[in-house]
Amino acid sequence: MSNLSVIAGKSSEDVAKKLSRKIKANFVKSQIRVFEDGESKITLNGKISKKKSIVVQSIYPPVDTNLLQALSLISKAKETSSEVIAVIPYMGYARQDREFLPGEIVTMKVLGKLFKGAGASKIIAVDIHSMIGFKHFSIKTKNVSAIPELVQYFKKLSLKNPLVVSPDQGGKERAKEFAKELGSEYIALEKKRDRKTGKVQIKTKNLDEVTNRDLILVDDMISTGGSIVKATQFLKKQKCKKVYVACTHALLMNDAEKRIREAGVTKIISANTIPGKTSIVDISNTIAKAI
């Protein structure tokens, strides 16, 4: 019997299966039964190692359901294993890492207590929205990046003088890292978001450097796609060539994919932290190295 077990949450079965092969671990599948009232009943199929278990579960919509399932899997693993590592490819609630407006609850602080309480000794996330969130955790944490794997995909495309673009100043470092791996230049647009309404405005004026170039809009996550749509519409007016979107987490809520394509994006490429049509870049190798 292996000294390692990979326990697959329903939200990340594909990543967990690939990871178990790479690290030569026992694969433990979870079966979920959801009752009429919304409660989940989880049954595990497979041998759990006494030494170390790795629970793999992304916390994407339904966020609270997937979170509770992750905590339940960790708790069950801890009953047998002396060490439990929680791999959370997409960390839900990561945007709630500080009190932006008076009275707001810092949910990441709550998550820090929950994961520790459930029995996790370490958390591994992929491109967490902000490292500030992990400051609320008293257990070990590690953030790994999907950028090298995403860049490898783009290197296979025949792009015309590519330019990496961040849709906002907050993602400038991400765009810089992506461009360095790709061997290209990068720029960051300036946007303004209304904290109450969520509406986005591009403040950047004319850009000569995008003319006749293929662009790669890089972001950590796409939820409703508002920022990407606004950025694409602006960039298209600057007479660029094709616009591609590269992101780690493609949530793509409420017809976001359709609206992004209608704005003029040629293709959306994301990692498999969240399963979907655009999730064509596998990050299990990056997670295996981190473990």
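**A walk through the strands and loops**

Five bridges join strand β1, residues 4-8, to strand β4, residues 52-56, and these two strands run parallel. That is my starting point today. Two strands count as paired if DSSP finds at least two bridges between them. Helices (H or I, at least four residues) and strands (E, at least two) are DSSP runs, numbered from the N terminus.

A word on the model. It is predicted, so local features need pLDDT of at least 70 and side-chain atom pairs count only at pLDDT 80 or more, while totals for chains, interfaces and linings use all residues. Residues are numbered from 1 along each chain as its sequence is written, and side-chain values use heavy atoms, with hydrogens and water left out.

Back to β1. It has a second partner. β1 and strand β2, residues 26-34, pair in the parallel sense over four bridges. Look at A8. In β4, the bridge partner of A8 is V56. In β2, the partner of A8 is K29.

How covered is β1? Five of its five residues are buried. Buried means under 20% relative accessible area, exposed means over 50%, and partly exposed lies in between (1.4 Å probe, protein chains only). In a regular strand the side chains alternate between the two faces of the sheet. In β1, L4, V6 and A8 sit on one side, S5 and I7 on the other, and all are buried. Both faces of β1 are covered.

In an unreviewed entry, UniProt lists residues 5-119 as "domain: Ribose-phosphate pyrophosphokinase N-terminal". UniProt positions are given in the numbering used here, feature names are shortened, and annotations may be inferred rather than shown by experiment. Over residues 5-119 the chain is 35% helix and 26% strand. The end C-alpha atoms of that stretch are 15 Å apart.

Now step back to the whole chain. The secondary structure comes to eight helices and 15 strands. The radius of gyration is 20 Å, close to the 19 Å that the globule rule gives for 291 residues, so the chain is as compact as a globular protein of that length. That radius is taken over C-alpha atoms, and the rule is 2.2 Å times the number of residues to the power 0.38. The C-alpha atoms fill a box of roughly 60 × 45 × 35 Å, along the principal axes. Of the 291 residues, 51% count as buried.

Next, contacts. Contact means heavy atoms within 4.5 Å. Take the contacts between residues at least 6 apart in sequence: 62% of them join residues at least 24 apart.

On to strand β13, residues 243-250. Eight of its eight residues are buried. Which strands pair with β13? One is β12, residues 215-222, parallel, over seven bridges. Another is β14, residues 265-271, also parallel, over five bridges. Follow Y244 in β13. I216 stands opposite Y244. In β14, the bridge partner of Y244 is K267.

β12, helix α6 (residues 226-237) and β13 make a right-handed β-α-β unit. β13, helix α7 (residues 256-263) and β14 make a right-handed unit too. Right-handed means that, with the strands pointing away from the viewer, the path from the first strand over the helix to the second runs clockwise.

K267 turns up again, this time with Y153. Y153 is found in helix α4, residues 147-155. Is Y153 buried or exposed? Y153 is buried, because its relative accessible area is 19%. What does Y153 touch? Leaving aside neighbours within four places in sequence, Y153 is in contact with K267, I269, I280 and V281. Y153 and V281 are 128 residues apart in sequence, yet 7.4 Å apart in space, C-alpha to C-alpha.

Last, some backbone details. Most residues other than glycine have a negative phi, and most peptide bonds are trans. Where are the exceptions to look at here? A cis peptide bond joins P61 and P62, with omega about -5 degrees. P62 is in the loop between β4 and α2 (63-80). N212 is not a glycine, but has a positive phi of about 60 degrees. N212 is in the loop between β11 (200-202) and β12. With a relative accessible area of 42%, N212 is partly exposed. L252, also not a glycine, has a positive phi of about 45 degrees. L252 is in the loop between β13 and α7.
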